[in-house]
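The sequence and structure come first.

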Amino acid sequence: MKLIARYEDTDIAVEVERHADGYRVTLGDRCFSVDLVHAGRYVRSLRLEDGTQYSLVHNRIGNMHEIMMGGSRIEVEIIDPLALRRKSREDAGGEGGVVKALMPGRIVRILVESGQAVEKGTGLLILEAMKMENEIQAPVDGTVAEIFVKPGDTVEGGAALVHID
Amino acid sequence: MKVLVANRGEIAVRIIRACRELGYPTVAVYSEPDRAALHVVYADQAIPIGPAPSRESYLRIDRIIDAAKTTGADAVHPGYGFLAENAEFARACRDAGLLFIGPSPESIDAMGSKTEARQRMKAAGVPVVPGLTEAVKSFDEIAAFAAQAGLPIMIKAAAGGGGKGMRLVTREDELRQAYERTTSEAASFFGNPAVYAEKFVESPRHIEVQIVGDQHGNLVHLGERECTLQRRHQKVVEECPSPVVDEELRQRLGAMAVKAAAAVSYYSAGTIECLMGPDRQFYFLEMNTRLQVEHPVTEMVWGVDLVKAQLLIAQGGKLPWRQEQLKPSGHAIECRIYAEDPARKFAPSPGLIRYMNLPQGPGVRNENGVYPGYTVPVFYDPMLSKLVCHSSTRADAIERMKRALMEYRIQGIETTIPFFTFLMNHPDFRAARFDTGFIDGLLPQLALGPNRLDRERVDAAIAAAAILAFEDAERVQLPADQDSQWKRAGREEAVRGGL
């Protein structure tokens with residue numbers, strides 16, 4: 001099966017085939033014979049031909065694979081090239097200009113007014129989360145078009161806070 | 001003695017453990033989202049005390065006292081944070097006929113106001129950081145102090161403590177905003193907006209001394225802890241002993257701490273926090289009139305159980321040790337494992353813990369408050385656990401910590417585990433060359449992801465991900481086959497049954 005691994009914005013061609021009791025994986029110009037076992041729901045043990053073993057914690061969300069090795073973590077997207085072609089055109093767009101809460105919390109203070117011109121980095125409001133006051137800053141230069149929250153409001157993660165034109 | 005634990009998370013579990021070893025039944029209290037929290041499921045009894053916000057649950061003195069009465073508890077342990085340093089709570093317990101596992105309300109009051117504590121310590125001959133000893137009445141007084149003492153200064157909540165409600169001011173144009181923010185935080189965290197200012201000690205180390213006293217006037221110290229490494233004035237790594245304190249300095253620090261505690265007739269476990277400049281001059285900073293988060297490092301090195309000592313002392317028992325019997329052994333390090341993203345300036349990362357592998361093995365102690373399948377709530381301090389490693393030397397303890405951190409895996413949320421791995425490898429940490437600003441200086445490096453995997457490992461991870469994607473793709477085709485086999489078996493069964 002031919003796949004594409006997208007890691008740190010670079011696409012690498014990967015081919016996976018069954019081989020002996022395990023797999024043969026061709027990754028760019030490298031080729032490994034490995035076996036992979038599941039040790040419980042999240043732990044995977046990958047063993048190379050020379051016996052080298054890597055213990056990985058693996059979690060998959062859609063095409064994204066989150067893998068922890070030792071104290072480090074990497075995220076790699078594994079794409080089926082046939083499925084990719086369909087998806088690529090749909091991903092443009094987005095809601096540019098709406099500043100969202102990165103985490104759930106409580107609005108302490110609003111630092112700007114509707115109609116006010118702001119620069120990238122201008123403090124918009126103070127969000128208290130987990131006993132810390134965090135200043136939410138303008139991500140772009142623009143004008144404050146609308147403020148969706150008021151002091152004292154409790155907001156969920158992802159909630160729209162301020163719209164900047 | 002039945003003990004109600006007026007706290008949550010890992011410290012509530014820690015206290016319940018001590019009670020269980022002593023044969024004391026325990027009562028947990030919980031807010032609505034904490035029904036399935038570890039401290040609740042671990043206790044013998046559990047009583048709800050209100051909705052999520054702390055001020056409507058864990059800070060509700062009336063509900064906690066009611067819970068104690070309902071369950072027939074004899075004593076209340078406040079843990080740390082929440083009501084631990086609230087004299088009104090200690091008094092309410094006393095008035096309700098409950099033993100408060102901690103110092104007297106009078107000692108808490110005396111040390112609870114930073115300004116009053118500074119006055120008392122000065123009078124007792126304990127050195128304090130130069131600055132104001134009264135709360136200011138207006139911004140102008142802060143501005144006047146800044147002009148007279150010169151920047152940098154610290155603005156602090158008079159009722160504050162535990163590193164919350166304080167701000168460093170290095171530039172004059174930051175002064176007003178820092179004053180307003182500190183006042184606002186002081187009001188929201190401590191219910192008292194009063195602030196004062198003191199001179200900032202340059203390049204300081206944060207050293208604290210553990211003391212324990214009984215109600216018969218006996219007081220001992222259990223050496224110092226090194227608590228210099230902080231982010232946002234919150235400690236993240238603590239050590240016992242401090243790598244910069246020798247035996248002679250330890251004796252002087254210990255004597256100062258005992259003098260400070262005696263000045264407020266202190267009993268139970270308490271901590272004298274000090275700042276120490278590069279010249280090894282130390283100043284009293286504040287007293288924490290409670291058990292400290294980092295108490296396990298002292299326990300490991302001094303071979304004591306501070307929670308059991310607290311339980312004994314509250315019942316009028318005599319201190320189980322004399323100063324000359326207490327001898328430190330080896331070195332312990334604690335890493336506070338927080339649900340925070342080190343790459344994003346330690347921003348909170350609440351959420352569902354999908355998978356967890358806890359570190360084990362020789363010399364490893366993990367004070368854990370969570371479990372896989374648990375959702376870390378947004379309402380409280382994001383500390384998940386405290387990982388403590390003990391060994392014979394500091395170098396060995398660092399290596400043991402690295403090994404334990406490698407075993408410690410949490411998936412689903414960001415944690416400070418990768419940061420600690422980075423720190424344990426950092427040459428300045430290993431050489432004990434750091435001050436309280438050290439971690440802030442590392443933030444740019446942390447934003448890049450500090451523990452880069454080598455190419456071999458990245459390739460192995462990608463290969464594993466590709467195989468798992470391949471297995472999943474194959475599995476999609478499998479159910480049809482299995483389904484038909486089941487159907488065939490079912491049909492055969494039906495046919496046989498019909499015969």
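## Domains of chain A

In this predicted model, the centres of domain 1 and domain 2 of chain A, taken over C-alpha atoms, are 39 Å apart. Domain 1 of chain A covers residues 2-91, and domain 2 of chain A covers residues 98-164.

## Confidence

The model has an ipTM of 0.70 and a pTM of 0.80. For chain B the average pLDDT is 92, and 95% of the residues of chain B score at least 70. Chain A has a mean pLDDT of 85, with 91% of its residues at 70 or more.

Which elements of chain A have the lowest and the highest mean pLDDT? The lowest, 57, belongs to helix α1 (residues 81-88) of chain A, and the highest, 95, to strand β3 (residues 22-27) of chain A. The pLDDT is below 50 over residues 86-96 of chain A. Beyond near neighbours in sequence, that stretch of chain A makes two contacts in the model. Where pLDDT is low, predicted coordinates should not be read in detail.

## The interface between chain A and chain B

The contact between the chains involves 53 residues of chain A and 49 residues of chain B. Together the two chains bury about 4,800 Å², and 64% of this area is on carbon and sulfur atoms. On the chain B side, the residues that lose the most area to chain A are Arg409(B), Gln411(B) and Phe470(B). These three together account for 13% of what the chain B side buries.

How many salt bridges link chain B and chain A? The count is seven. One salt bridge pairs Arg60(A) with Asp472(B), with 2.6 Å between the closest N and O atoms. Elements of chain B that give two or more residues to the side touching chain A are α8 (175-190), β24 (409-411), α13 (417-425) and α16 (455-498). Of these, α16(B) supplies the largest share, 20 residues. By residue class, the side of chain B that touches chain A has 26 nonpolar, 17 charged and six polar residues.

Over all chains, the structure holds 55 salt bridges. Within chain B, Glu299(B) and Arg14(B) form a salt bridge whose closest N and O atoms are 2.9 Å apart. Glu299(B) belongs to helix α10 (residues 295-302) of chain B and Arg14(B) to helix α1 (residues 9-22) of chain B, so this pair ties together parts that are 285 residues apart in sequence.

Leu443(B) sits in helix α15 (residues 438-447) of chain B. With neighbours within four places in sequence left aside, Leu443(B) is in contact with Lys345(B) and Phe346(B). The C-alpha atoms of Leu443(B) and Phe346(B) are 9.0 Å apart, while the two residues are 97 residues apart in sequence.

## Backbone geometry in chain B

Most peptide bonds are trans, and most residues other than glycine have a negative phi. What kind of peptide bond joins Leu151(B) and Pro152(B), cis or trans? The bond is cis, with omega about 0°. Pro152(B) is in the loop between α7 (139-149) and β6 (153-161) of chain B. A cis peptide bond also runs from Cys240(B) to Pro241(B), where omega is near -5°. Pro241(B) is placed in the loop between β13 (237-240) and α9 (247-262) of chain B.

Ser265(B), a residue other than glycine, has a positive phi, near 45°. Ser265(B) lies in the loop between α9 and β14 (268-276) of chain B.

Methods. Residues are numbered from 1 along each chain as its sequence is written. Chains are lettered from A and ligands numbered from 1 in the order in which they are written. This is a predicted model: local features need pLDDT of at least 70, side-chain atom pairs count only at pLDDT 80 or more; totals for chains, interfaces and linings use all residues. Side-chain values use heavy atoms; hydrogens and water are left out. Contact means heavy atoms within 4.5 Å. Buried area is the accessible area (1.4 Å probe) that two parts lose on being put together, summed over both. A salt bridge is a side-chain nitrogen of Lys or Arg within 4 Å of a carboxyl oxygen of Asp or Glu. Helices (H or I, at least four residues) and strands (E, at least two) are DSSP runs, numbered from the N terminus. Ala, Val, Leu, Ile, Met, Phe, Trp, Tyr, Cys and Pro count as nonpolar, Asp, Glu, Lys and Arg as charged, and the others, Gly among them, as polar. Domain bounds come from an automatic or database domain assignment. pLDDT is the predictor's confidence in each residue, from 0 to 100.
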